[in-house]
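Biologist: I have the sequence and the model open. Can you walk me through it?

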There are 2 protein chains.
Amino acid sequence: MTSKKIRSVEEMGEFGLIDHLTSGFTNRQDSTQLGVGDDAAVIDHGSYVQVVTTDLLLEGVHFDLVYTPLKHLGYKAVVVNLSDVYAMNAAPRQITVSLGISGKFSVEALEEFYGGVKLACERFNVDLVGGDTSGSMTGLLISVTAIGTALKEELILRSTAKNNQLICVTGDLGAAFMGLKILEREKQLHAEEPGFQPELTGYDYILERYLKPEPRVDVLLALKEAGIVPGAMIDISDGLASELLHICKASECGCQVYDERIPLAEETKEAAAEFQMEPMVAALHGGEDYELLFTVPLSDHDKVSAIEGVSVIGNITDKKGSALLVGNDGNAIQLQAQGWNES
Amino acid sequence: MTSKKIRSVEEMGEFGLIDHLTSGFTNRQDSTQLGVGDDAAVIDHGSYVQVVTTDLLLEGVHFDLVYTPLKHLGYKAVVVNLSDVYAMNAAPRQITVSLGISGKFSVEALEEFYGGVKLACERFNVDLVGGDTSGSMTGLLISVTAIGTALKEELILRSTAKNNQLICVTGDLGAAFMGLKILEREKQLHAEEPGFQPELTGYDYILERYLKPEPRVDVLLALKEAGIVPGAMIDISDGLASELLHICKASECGCQVYDERIPLAEETKEAAAEFQMEPMVAALHGGEDYELLFTVPLSDHDKVSAIEGVSVIGNITDKKGSALLVGNDGNAIQLQAQGWNES
């Protein structure tokens with residue numbers, strides 16, 4: 001036996017860690033069509049498939065109750081899971097919500113949280129079917145699992161991008177990260193000077209993008225109406241760079257996207273300027289946008305460009321391992337994953 | 001508007017809280033056959049149904065890493081969910097495992113944990129299909145979701161007990177709680193005197209019952225072979241009393257069980273004697289046995305009594321709200337739920 005170095009979790013990063021820990025597992029059930037490695041697992045039910053996805057949200061890691069209203073948090077905890085279901089081109093059907101609750105929470109506070117869960121269930125037509133509730137020694141922790149269905153032929157994976165396909169994103173990117181930066185700044189100022197009143201007017205758009213993300217089911221419907229079948233799809237939870245790399249790795253391809261085509265809201269640019277940072281950094285690495293990233297055949301260029309809220313930002317290449325961001329000057333840099341989850 | 005009293009979560013108790021928070025939710029999906037309120041949710045797939053269940057396990061609340069080997073913990077985290085699936089008379093198929101990990105964990109420690117998950121997957125023929133991994137500010141937290149399937153006519157709920165049916169339990173009760181008491185005692189002694197060596201020999205049975213519970217799939221097979229169809233079924237996670245009350249509430253019936261018929265292992269009695277406590281208290285309220293509690297028609301008395309590992313402990317009555325424990329002297333006391341989760 002060789003002596004083994006004890007490795008820290010940080011060294012390995014989230015995605016490397018999951019790959020490593022689950023590498024020895026083999027699937028036994030005929031119904032397991034796809035396990036770990038996409039936005040959701042896929043379970044075969046004959047003519048249709050079911051997708052299953054789950055997310056943890058932890059106080060102090062993923063949210064701060066100082067500036068996050070509990071109703072928004074309940075809504076967001078559901079929506080970030082539905083976003084994964086939609087990213088498989090599936091319709092969400094059921095969710096479970098588990099909570100670890102510390103002593104500081106009243107029943108009224110939890111009613112607020114469940115009010116947000118209920119709003120999301122009503123808006124996206126899903127049923128709350130279970131969960132577990134426990135005391136927690138520390139803060140609030142939330143674990144949501146979402147289940148959806150899709151016709152077998154309609155399912156879209158991240159592994160099916162093809163050379164020359166166009167790369168598209170919905171909405172604009174980086175806004176949620178800038179919203180978070182504003183909230184963190186005002187919290188800090190308040191902590192330094194107790195009488196300080198947080199000034200949040202004028203930041204409505206980016207704050208809403210952070211506190212109340214909306215999954216892009218509207219764009220999925222528009223794609224269907226336009227007769228466009230995406231090649232690969234993923235939701236943008238960890239920043240554009242990380243998601244592009246996921247698609248390239250899973251599809252064994254490369255990509256190039258153009259700096260000037262990446263959609264940024266004016267509000268995002270303005271907030272970035274206040275922090276003297278490049279808004280593109282927020283778009284590439286900020287995360288929590290919950291927009292969709294997908295590819296379409298080159299022949300669908302005109303059709304996809306006509307859909308409101310969709311930007312064509314580049315194309316898939318056959319250069320495996322090469323994920324390039326091309327600047328206005330024509331120079332290209334290799335994209336690196338720096339999502340929140342990987343720090 | 002009337003002024004509302006702020007209520008604490010403790011006042012309401014776990015089950016009251018879940019009922020309260022989910023009371024405003026209505027199901028929209030045709031496929032949602034059963035939501036919150038049984039061991040698992042039930043999703044309709046035509047000729048068969050799918051059951052979905054989820055459990056949280058939190059360091060400092062549900063387990064103590066001082067005396068819980070990580071491999072055992074991984075195994076147990078899966079098995080407690082599979083136990084819920086089996087309690088619906090369904091076969092488990094897929095699981096997701098989410099982890100919140102504090103900085104103190106090495107990759108090697110997580111490999112140990114996943115070794116236990118893998119062992120459970122192999123033994124019970126289930127596939128690990130997903131999960132989420134996150135940093136945690138505090139201890140280890142585990143959220144597992146299990147999915148199983150059953151033929152529609154084979155599903156067994158907790159709401160289908162009928163008057164005069166016999167009440168049966170598998171195995172013996174209270175052992176896991178006494179195992180935990182021993183582990184807590186030795187931890188305490190070690191804390192008081194650092195050189196102290198924990199003395200665990202002779203407690204193998206009750207320690208194993210706590211650290212490595214086994215779902216009673218063997219009894220389900222034996223029932224099937226004997227042609228016995230249970231009326232209602234539930235797994236014993238919070239203690240016999242709590243589970244009997246769940247069945248009575250869901251089935252709108254009463255019950256009477258006989259003190260002398262409740263199965264206790266010798267090792268459980270001996271350990272209880274060391275703590276000068278009644279072993280029956282561990283059986284009624286200790287929890288974590290993961291045995292099955294079920295009812296069968298009176299006419300199956302002889303057949304069910306012949307199955308190894310099954311004890312007939314009483315019968316269902318039509319006295320709604322009356323759940324009685326009958327002592328050797330013929331006197332009866334009303335059972336109260338005092339499971340761990342409700343303290």
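Biologist: Let's start between the chains. How many residues of chain A are in contact with chain B?

Modeller: This is a predicted model, so keep that in mind throughout. In it, 63 residues of chain A are in contact with 64 residues of chain B.

Biologist: Which element gives the largest share on the chain A side?

Modeller: Helix α4 of chain A, residues 107-124. That helix supplies 7 residues to the side that touches chain B.

Biologist: And how do the residues on that side divide into nonpolar, polar and charged?

Modeller: There are 26 nonpolar, 27 polar and 10 charged residues on chain A's side.

Biologist: Where is Val52(B), and is it buried or exposed?

Modeller: Val52(B) sits in strand β3 of chain B, residues 48-58. Val52(B) counts as buried because 26 other C-beta atoms lie within 10 Å, and the cut-off for buried is 20 or more.

Biologist: How far is Val52(B) from Glu193(B)?

Modeller: Their C-alpha atoms are separated by 46 Å. Along the chain, Val52(B) and Glu193(B) are 141 residues apart.

Biologist: Now domains. What does the assignment give for chain A?

Modeller: Domain 1 covers 30-154 and domain 2 covers 166-342. The C-alpha centres of the two domains lie 22 Å apart.

Biologist: How many residues of domain 1 are in contact with domain 2 there?

Modeller: In chain A, 15 residues of domain 1 are in contact with 16 residues of domain 2. The domain 1 side divides into 8 nonpolar, 4 polar and 3 charged residues.

Biologist: Next, the core. Which residues touch the most other members of the largest nonpolar core?

Modeller: Val78(A), Leu240(A), Leu244(A), Val78(B) and Leu244(B). That core holds 214 residues.

Biologist: Which residues does Leu240(A) touch?

Modeller: Beyond four places in sequence, Leu240(A) touches Val169(A), Leu173(A), Ile262(A), Ala283(A), Leu284(A) and Leu293(A).

Biologist: What about Leu73(A)? Where is it found?

Modeller: Leu73(A) is in helix α3 of chain A, residues 70-86. Leu73(A) counts as buried, with 23 C-beta neighbours inside 10 Å. Setting aside neighbours within four places, its contacts are Phe63(A), Thr68(A), Phe113(A) and Gly116(A).

Biologist: Switching to strands. In which sense do β4 and β5 of chain B pair?

Modeller: Parallel, over 3 bridges. One bridge partner pair is Gln94(B) with Asp127(B) in β5(B). With helix α4 of chain B, residues 107-124, the two strands make a right-handed β-α-β unit.

Biologist: Last topic, backbone angles. What is the phi of Glu252(A)?

Modeller: Positive, about 50 degrees, though Glu252(A) is not a glycine. Most residues other than glycine have a negative phi. Glu288(B) also has a positive phi, near 70 degrees.

Biologist: Where are those two, and are they buried or exposed?

Modeller: Glu252(A) is in the loop between α8 and β10 of chain A. Glu252(A) is exposed, with 11 other C-beta atoms within 10 Å. Glu288(B) is in the loop between α10 and β11 of chain B. Glu288(B) is buried, with 22 other C-beta atoms within 10 Å.

Terms used. Residues numbered from 1 in each chain as written. Chains lettered and ligands numbered in written order. Predicted model: local features only at pLDDT ≥ 70, side-chain atom pairs only at ≥ 80, totals over all residues. Core = buried A, V, L, I, M, F, W, Y, C linked by C-beta atoms within 7 Å. Buried ≥ 20, exposed ≤ 12 C-beta atoms within 10 Å, placed from the backbone. Contact = placed C-beta atoms within 7 Å. Pairing = 2+ DSSP bridges. Helix = DSSP H or I, 4+ residues; strand = E, 2+ residues; numbered from the N terminus. Right-handed = clockwise from strand over helix to strand, strands pointing away. Nonpolar A, V, L, I, M, F, W, Y, C, P; charged D, E, K, R; others polar. Domains from an automatic or database assignment.
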